[in-house]
Amino acid sequence: MREVLRLEHIQKYYGNGGNITKAIRDISFSVEEGEFLGIMGASGSGKTTLLNCISTIDTVSAGHIFLDGRDVTEIREKEIARFRRENLGFIFQDFNLLDTLTISENIALALTISKVPSGEVEGRVREIARRLNIEEILDRYPWQVSGGQKQRCACARAVVNHPKLILADEPTGALDSHSSRMLLGTISGMNEQLGATILMVTHDSFSASYAKRILFLRDGEIFTEIRRGTASRKEFFDRILDVLTMMGGGSDAVL
Amino acid sequence: MLYFRMILRNAKRSARDYLIYFVTMTLCVTLFYGFLSVTSRYYDPDLGVEYDLDFMSDGMKLAICLVSLLLLFLIWYVNRYMIRRRQKEFALQTIMGMERGVTAALFFAETLIMGLLSVVCGILLGMLGSQFITAMLLQSYGRPFRLTWTLFPDTAVLTLLFFLLAYLIMGAWNTRMIRKIPVIDMLHAERKNEEDFRKSRWMPVLTLLYGILLCWMTATGISKAYFYWDPRYALPVHLMFGFNILFPGAALLYGVLWLMMPGKRVGKKKRGRSFRVLIAGWLFLSLASACAAAVVSPVSMDFYLPTGAGTLNQYMMFLIADIIYFICALIYLANDGICMIKERFPKIRYRGENLFLFGQIVSKLRTTTKTVTLICITLTLSICLFLAVPFLAGWADGYLEQRSVYDIQISTQYNDTYEESELPDDNYDFVTAYLEEQKIKIKDDCTFSLYLLVRDEFDQRVKYDFPVAAIALSDYNHLLTMRGYEPITLDDDEFTTQWQSIAAEETKKEFLAGHREMSTDSGTLKLSEEGIYDFALGETLYNTYTDLVYVFPDSVCENLLAVNRNRYITTEESVPLEKALELERIFSENYPETEQGTHYYIRTSSQQINSTTAMAFILRAAMTYSAVVLLVICFTILALQQLSDLPDWKQRFGLLRDIGVEDSHISRIILIQLGVWFGIPVGISGAVSAVVMGYFFRMYRAQISAYIGKAELTVQTGAIAVILLGLLLCYFVSTWQMCLVGSAGKNWCRE
């Protein structure tokens, strides 16, 4: 499998002088094309900082991040927007849909800013909506649909452009358990049927169990890594809980 | 203590929200105080003994207070904006258990702090504004200006009371609002989009009202044409009457046809489309109807139609109604056009960030259509007022210059004199006696008669055929010397003409072409080589309803019938106002008003200058004040309209940045969006007011060239246009900058 993302000895420090916070101490890993990687960790473990660095929103203090062979830490400020547009897709915790646009227009926006020919836009929107089962709500506004539907729309927006990597930040954070399950099914489907490469940050063991591989962060470092392999999702979930218990946060996650 | 700290903290935190409010309120207070200071008891500029300000004060105070009522609307709008910005916070406070009343009281205290702060700043700036007004006043009276810093306590108290009252009224309204809105609506208000603006009842109601007005206009057109019908009228008059029936009638017919159009009630979309057809038709017909109503006044003036003031006012009202409907329809169609482009042209919709831009604009179309229409109408009024100031004030000043050319003017009118024996032949010696008694030295003095060419003309009393009078050459030369001009010469068989400045060049040439020779009771005279003079010799030199006077050799005048007896006096120093009024009183005792017989008039330049200058100043000050207040209201509301969305902008533009839109594109989107919302009302009102003022300037072109001068008016109008554009630019740039700052930041980076 081709390597899509590679992180080499990433470090991120905040502050200066004697008051330095080490958000990321030293992290290295890689993600292959079509992989569904989960990143777990307690608050302050460096999950979001890591995501910000990968998404080029924040800069690293040391180390390199390669996306499809290109070092994103070397990209000039002027080119960042274009790079993000062409390579990354985002799914936010709070959906981040535009209230001024309908669901279909929200999805189309990702295509239009990538300068997809206007004749293709509607067809592609309809196609992805069919796959994610949101066809009936295409003409509604975000405030007229449920949280789960909103998040599926956000998924459609993230994947419609076929980005090299989809970054999901706590995508089930604002959903109830039923909607979470539906959404995670959708994200899995995106990964398995559409071949999308997904990097999902979460602190929820159940959500993480949908991933194929999980990195556990603690104090800015990778604590351990587990792979699902051929195990069932239930088995994988149990292994996640075991790791969390080992890390000291397991009882919280179980209870 | 906790509440007090909360108020302070909120006021501090909302400082940016309050910035435009604060600046605008300060500007309003500055204007209010500055203009009102002229009426203060303690206000005493050095105008000299011959003038006083008593007459001006009351008129000015009334004008300012009336115009200032408009400010209440602005205060109300800004309060509404603040409530919308803060309602989520109010909802949270309520959920946490705070009484609604306490929330409202906290908000009231907060607005009061900012309001009072703006009153203090406004009064301080108003002291500077007051200097500007004083400079304007002294310039009107032709006096030198010296900078003095004075705080007028009565004006300051009045300003404070006015604005305090305004804040209290608004506070009560706010409290009611905060108590009334359900908590759930407060929490979710910002998430909801407005409904399609085409479903709003605003335009259908306006259109219905306009339809009723069209019925009235058509009926009026028919009744006026019938009432004033005369086949002898020239073609333009017939056309005028015809068009005033044709256009409103055609609009009515079009409305009826539209009502009968099939598919009107089939589904909502279909209805919307057909309504657009009606509005588009009425847009053009309202313009045509406005043109038809606009020509009524000039045609009536040019062809001496017997249309009364009531008819002219009625057509002026129709004209205003047509213009208002035209503006409403134009804005509706412009917004409808935006929606239509979005709905029907996928190529445009899906190009780059257009989809986002359309979303930004269309989501607020319902309220903005209404607000922008009102702003457009108000802005048009404001621009017209601004442009009318130099025109009207220049007219008043120029007219004053033309008529107060001598310190004292005595004149007569024989319009109601039916016997030759009753014609005046007085030298007004009591005036000389009074001036001597008051130790006012006469510099020059000319008593003269005006003659009729032939005796029979004495009975000629038809208004449009009133005889032109003649003056003896020696008297004319005396007047020229009094005014500092060189005397003229004439042969014994020659005559020449002296014209009022208002007369047009074509009229003069046309008249003289038909009057090369003149038959009089003393024989025939021929036109001298220098046939036209137009020295400024005062307007009482001419017979009623005429713009010229003949100048005949003295020997000719000896045998003519003298009908008017005038006396013009210039004095060494200006006659003090008090003495001038006393002289006028003595004169009216000597020559009391009578219904029949000769009418006698006296005019002193002191009294004329005092009253006319005061009137012109009130006119200039009140109009400038109204125009500035309206302009500030329009621009502030336009700016707030955009800024009210700012909290959402951070999320919306943050998302655009997250998904890879460059900052330069985001700036462009913001610029286009502001350009649309500022551009539509400013563009339309600019165009409409240019046409309206062009129409007025054309209608009064004779007065403009006589009293102001075309070049002078062009320069002044141009200067005002530049100032207005500058103000617009200031508001636009500051709103744009605030929007850029407000839209900065990314959503992804939250920690």
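The model is predicted, so local features need pLDDT of at least 70, side-chain atom pairs count only at pLDDT 80 or more, and totals for chains, interfaces and linings use all residues. Residues are numbered from 1 along each chain as its sequence is written, chains are lettered from A and ligands numbered from 1 in the order in which they are written, and side-chain values use heavy atoms, leaving out hydrogens and water.

**Chain A**
- Chain A has nine helices and ten strands; these are DSSP runs (helices H or I, at least four residues; strands E, at least two), numbered from the N terminus.
- The C-alpha trace of chain A spans about 55 × 45 × 35 Å along its principal axes.
- Of its 255 residues, 55% are buried, meaning under 20% relative accessible area with a 1.4 Å probe, protein chains only.

**Chain B domains**
- Chain B is divided into domain 1 (1–192), domain 2 (202–347), domain 3 (363–403 + 607–751) and domain 4 (408–573), with bounds from an automatic or database domain assignment.
- The centres of domain 1 and domain 4 of chain B, taken over C-alpha atoms, are 58 Å apart.

**Helix H13 of chain B**
- Helix H13 (residues 354–362) of chain B is largely enclosed by the rest of the structure, because eight of its nine residues are buried.
- Among these buried residues are B:Phe356, B:Phe358 and B:Gly359.
- The buried residues of H13(B) pack against several helices, including H3 (103–112) of chain A and H14 (365–403) of chain B; contact means heavy atoms within 4.5 Å.

Definitions and conventions. Buried < 20%, exposed > 50% of the residue type's maximum accessible area, 1.4 Å probe, protein only.
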